[in-house]
Amino acid sequence: MGPLSPARTMRLWRPRSLGVALGVFMTIGFGLQFLGGSFQRRLPGLQLRQSWIPLLGPTVKSCLPRQRLVFLKTHKSGSSSVLNLLHRYGDQQGLRFALPAHYQFGYPKLFQASKVKGYHPQSSDTQKPFHILCHHMRFNLKEVLQVMPSDSFFFSIVRDPAALARSAFSYYKSVSSAFRKAPSLAAFLSNPRAFYRPGARGNHYARNLLWFDFGLPSPPETKDMRMSPQLPRDPKSLRLHIVPSVASPGTLFRPITTAADSYKQPASLASSDLGPSSFIQWGLAWLDSVFDLVMVAEYFDESLVLLADALCWSLDDVVGFMHNAQAGREQSTLRTANKTVVTGEDQRLTHQARAWNNLDWALYTHFNRSLWARIEQYGQSRLQRAVAELRARREALAKRCLMGGEALDPKYIADVRLRPLQFGSAKVLGYALQNGLSQKDQEECQRLATPELQYKDKLDAKQFPPTISSPLKTSRLLLP
């Protein structure tokens, strides 16, 4: 089963910006209501719009570039490539990053504002000093809003859980007890419960990793989950009318935020008769209300074009090279004459991986549909032209910057500043620069080729200059 085709029947409405309220009362199809106080978001104005529709206007943009950004860096989903473009943009524009003390924000624990280097509580959005929050974390909206302004642009990226499972098994086999016990991915997926124990060390990598990164609880966890109340920012009531991607077009899913009239401890989700399907719909609807854009790894270049449009950036701002890619392929696919022949074994593994990672599959199909709905609004022919231009610029940069014009085995990368961290059973590819580059080209090409850990160190030294000058080094590496 290949990438999903566009869906034209789903219709989603959400606020342009969302007020932080005491609780989110959500009515799901048959009238269920429950309170989710920590799952809330921003804002004073209550204008409604279709969340994925870009502003269609003249070729010359009259908008201002967005520079307050929150990127949820999901695992094994192409997020390192997005991180590089954010590093480059912020570096060149002189923007301030919300940086972790090391390389991630206490993952796999939920994000805490106190983990941001140089963070000091501010009561006003205008006083918050950071422009970009983009390193690995488990998403926690309440704490994120302590660091970033409420009108920041929130975005992330997802990947087909079958492809993600192959990559994760190779990369995290040494740290996930479930993967470590299994002799192969096929053996694991044929009987995952023989190896997997919820809560065991590193096992969040082994099931529904995307859902986990987005900070959502899995249905079994809800029986012990309690939501924390928050004081409302806006007393006005808000209604969202949503047709979820997993429902038929005639089904209406209505999360409702009402004006808070008390500060009681919210009830647990388990106190309602919330079934697994409704729970998933609730989680997806909440993500729709929070994230302005969710990219799809299988349509990476198309996603980059939509990202540039949404941020009012140029294509040059989002063009770049792939980062943290593993050498070879974990899947049994044969490429001949520009066609992909998928074996029966691969089809079986794909089906098993999607079934085991059922929450991720629901999340992926939902955001695949929303991406294609957004593409329809943007214009398919317009998008095709922009993607072709993006790829042409990438190819030109590769020829100008890179030795061999492509990613290399790390043994051929002599410059330690460009050599990516090696982790897992597969080699992680990187880049070596051409000889004889001009100083200007050298600086640009080095930014494009610098791996995420080294670039984070560079930004850290720029924002927090060391008292004694020393060469940048990744002295304490944590799992990506």
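**Cavities.** I started with the largest cavity: 15 residues line it, and N324, P420, L421, P451 and E452 lie nearest its centre. For the record, a cavity here is a set of points on a 1 Å grid over the protein atoms alone where a 1.4 Å probe fits but cannot get out, and lining residues have an atom within 4 Å of a point. The lining splits into ten nonpolar residues, four polar and one charged. Nonpolar covers Ala, Val, Leu, Ile, Met, Phe, Trp, Tyr, Cys and Pro, charged covers Asp, Glu, Lys and Arg, and the others, Gly among them, are polar. I noted about 150 Å³ for the space in this largest cavity, where volume is the space filled by probe spheres set on the points, with grid points joined across faces, edges and corners. The count gave me seven cavities of 30 Å³ or more.

**Ground rules.** This is a predicted model, so I kept in mind that local features need pLDDT of at least 70 and side-chain atom pairs count only at pLDDT 80 or more, while totals for chains, interfaces and linings use all residues. Residues are numbered from 1 along each chain as its sequence is written, and side-chain values use heavy atoms, with hydrogens and water left out.

**Confidence.** I read an average pLDDT of 77 for the chain, with 70% of the residues scoring at least 70; pLDDT is the predictor's confidence in each residue, from 0 to 100. Over residues 4-59 the pLDDT is below 50, yet this stretch has 190 contacts in the model beyond near neighbours in sequence. A contact means heavy atoms within 4.5 Å. Where pLDDT is low, the predicted coordinates should not be read in detail.

**Core.** Next I looked up the largest nonpolar core, which has 117 residues; F139, F155 and F188 touch the most other members. Such a core is a set of buried Ala, Val, Leu, Ile, Met, Phe, Trp, Tyr and Cys residues joined through side-chain atoms within 4.5 Å. Helix α11 (residues 358-378) gives the most to this core, with ten residues.

**M322.** Buried or partly exposed, I wondered about M322? M322 counts as partly exposed because its relative accessibility is 41%, between the cut-offs for buried (under 20%) and exposed (over 50%), with a 1.4 Å probe and protein chains only. M322 sits in the loop between α9 (315-318) and β11 (333-336); helices (H or I, at least four residues) and strands (E, at least two) are DSSP runs, numbered from the N terminus. Leaving out residues up to four places away in sequence, M322 touches S81, F300 and Y431.

Key:
On a 1 Å grid over the protein atoms alone, a cavity is a set of points where a 1.4 Å probe fits but cannot get out, and a pocket is an open set with protein on both sides within 12 Å along at least five of seven lines; lining residues have an atom within 4 Å of a point.
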